[in-house]
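I opened a notebook page for this chain and wrote down each thing as I looked it up.

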Amino acid sequence: DATPTTVTITGAGGQIGYALLFRIAAGDMLGPDRPVRLRLLEIPQGMRAAEGAALELMDGAFPLLSDVEVTDDARTGFDGCNVALLVGARPRTAGMERADLLEANAGIFGPQGAAIAHAAAPDVRVLVVGNPANTNALIASASAPDVPAERFAALTRLDHNRALAQVAGALERPAASIARMTIWGNHSATQFPDVDHAVVDGMPARAALAARLGGKQAALTWLDETFIPRVAKRGAEIIEVRGSSSVGSAAAAAIDHVRDETAGVAWTSAAVVSHGEYGVPEGLICSFPVSSDGTGYRVIEGLEVDARARARIDASVAELVAERDAVAARGLL
Ligand code: NAI
């Protein structure tokens, strides 16, 4: 089927947008046989940057790129959209309370959800990258009641990939040798990067870490005191070292998310709607271990969750509940 897939990117004039566009045009997200039409959605202040990126896309002469359109009108931007990457968001500015941040973003993701419901293709899938990603995805989904909630996800693949990288570094093994990593909860500092089910070349990661670090207790100390905070605060570390937030790794993770959902994957992490799995309140957009058969992510069920993991999952889920309640209290859900 040579019908192009329509991919809409919001905030396409921004940093992550710029890193995403060329990889998508090159076929890294949907595969080397799939033509794409790009819809770049911006706000008026971002239009020139997006138009410039569109000129460069033209200059790439990408064989798979059938068409690029730049717009600041949401209905036009989501017209016929099959894959929506919601990247543009309102950043937190000095003195802004969390509730104000949630409200400002509700003003973006609510109307965008409604525009998706109105204009997108019936098979549309939505990935929210812009922060606070989980709650932004919840608001977009709530504003699109006719689109199944399972079609809305928030990105925790960057956290997942960061966790793979940390374990790989500790074991001096390639990241590709590690499977069954899990990020639970919110894409925030409360997230729980979990190696309890992970395997390294088929061996339990906890056992591999114990062998490497000098015993089970040493491995647990490393996990709780080094690994978890390092992964959860990696965004701040990147800002400090690079002088600017994660861009290339964030774009790569968004591409991984969509590619694996579409092509199929045995185990990764994504924030998807809860149906009550693992005791997470129904309707929250929470990061879970997920698999895809090519038709969409589903939560991997039946994993054993010990008391340590339970406490960490509950803490992050409590934050998601508080975010949901804050937007609901302001009448935004
Ligand atoms: P950026 O500031 O470079 O770009 C954001 C772009 O969005 C700007 O061009 C702006 O004009 C546009 N924009 C703002 N409101 C919009 C709207 N209503 N409709 C369309 N476009 C709009 O920011 P950057 O670095 O590209 O990051 C984007 C978002 O991604 C931020 O919210 C950031 O916190 C988040 N992020 C999420 C990660 C994750 O793992 N989930 C990782 C890294 C960043």
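**Entry: domains.** I noted that the model is predicted. I looked up the domain assignment and found domain 1 at 5–154 and domain 2 at 157–324. I then took the centres of the two domains over C-alpha atoms, and they are 24 Å apart. The contact takes 27 residues from domain 1 and 31 residues from domain 2.

**Entry: the buried area.** How much area do domain 1 and domain 2 bury between them? I read off about 2300 Å², with 61% of it on carbon and sulfur atoms. On the side of domain 1, I found that Arg125, Asn134 and Leu138 supply 26% of the area buried against domain 2, more than any other three residues.

**Entry: salt bridges.** I counted 24 salt bridges by the rule used here. Side chains of opposite charge can pair when their charged atoms come close. Across the interface of domain 1 and domain 2, I found 2 salt bridges. I also looked up Arg125 by name: Arg125 forms a salt bridge with Glu261, and their closest N and O atoms are 3.9 Å apart. The cut-off is 4 Å, so a pair at 3.9 Å is counted.

**Entry: α6 and α10.** I turned to helix α6, residues 157–171, and helix α10, residues 248–263. Their axes are 8 Å apart and the helices pack at an angle of about 105°. Angles of 65 to 115 degrees count as roughly perpendicular, and α6 and α10 are therefore roughly perpendicular to each other. I listed the contact residues: α6 gives Arg157, Leu158 and Asn161, while α10 gives Ser249, Ala250, Ala253, Asp256, His257, Arg259 and Asp260. By class, I have 3 nonpolar, 3 polar and 4 charged residues in this contact.

Entry: Which side chain does Asp260 meet in a salt bridge? I found Arg157, at 2.8 Å from N to O. Asp260 is in helix α10 and Arg157 is in helix α6. The pair links distant parts of the chain, 103 residues apart.

**Entry: a peptide bond.** I checked the bond from Asn131 to Pro132 and found that the peptide bond is cis, with omega near -10°. Pro132 is in the loop between β5 (125–128) and α5 (133–142).

**Entry: a backbone angle.** Where does Ala61 lie? I placed Ala61 in the loop between α2 (47–60) and β3 (65–71). The phi of Ala61 is near 45°, which is a positive value in a residue other than glycine.

Methods. Residues numbered from 1 in each chain as written. Predicted model: local features only at pLDDT ≥ 70, side-chain atom pairs only at ≥ 80, totals over all residues. Heavy atoms only, no water. Axes fitted to C-alpha atoms, helices over the stretch in contact; angles between N-to-C directions. Helix = DSSP H or I, 4+ residues; strand = E, 2+ residues; numbered from the N terminus. Parallel < 35°, antiparallel > 145°, perpendicular 65-115°, else oblique. Contact = heavy atoms within 4.5 Å. Nonpolar A, V, L, I, M, F, W, Y, C, P; charged D, E, K, R; others polar. Domains from an automatic or database assignment. Buried area = accessible area lost by both parts, 1.4 Å probe.
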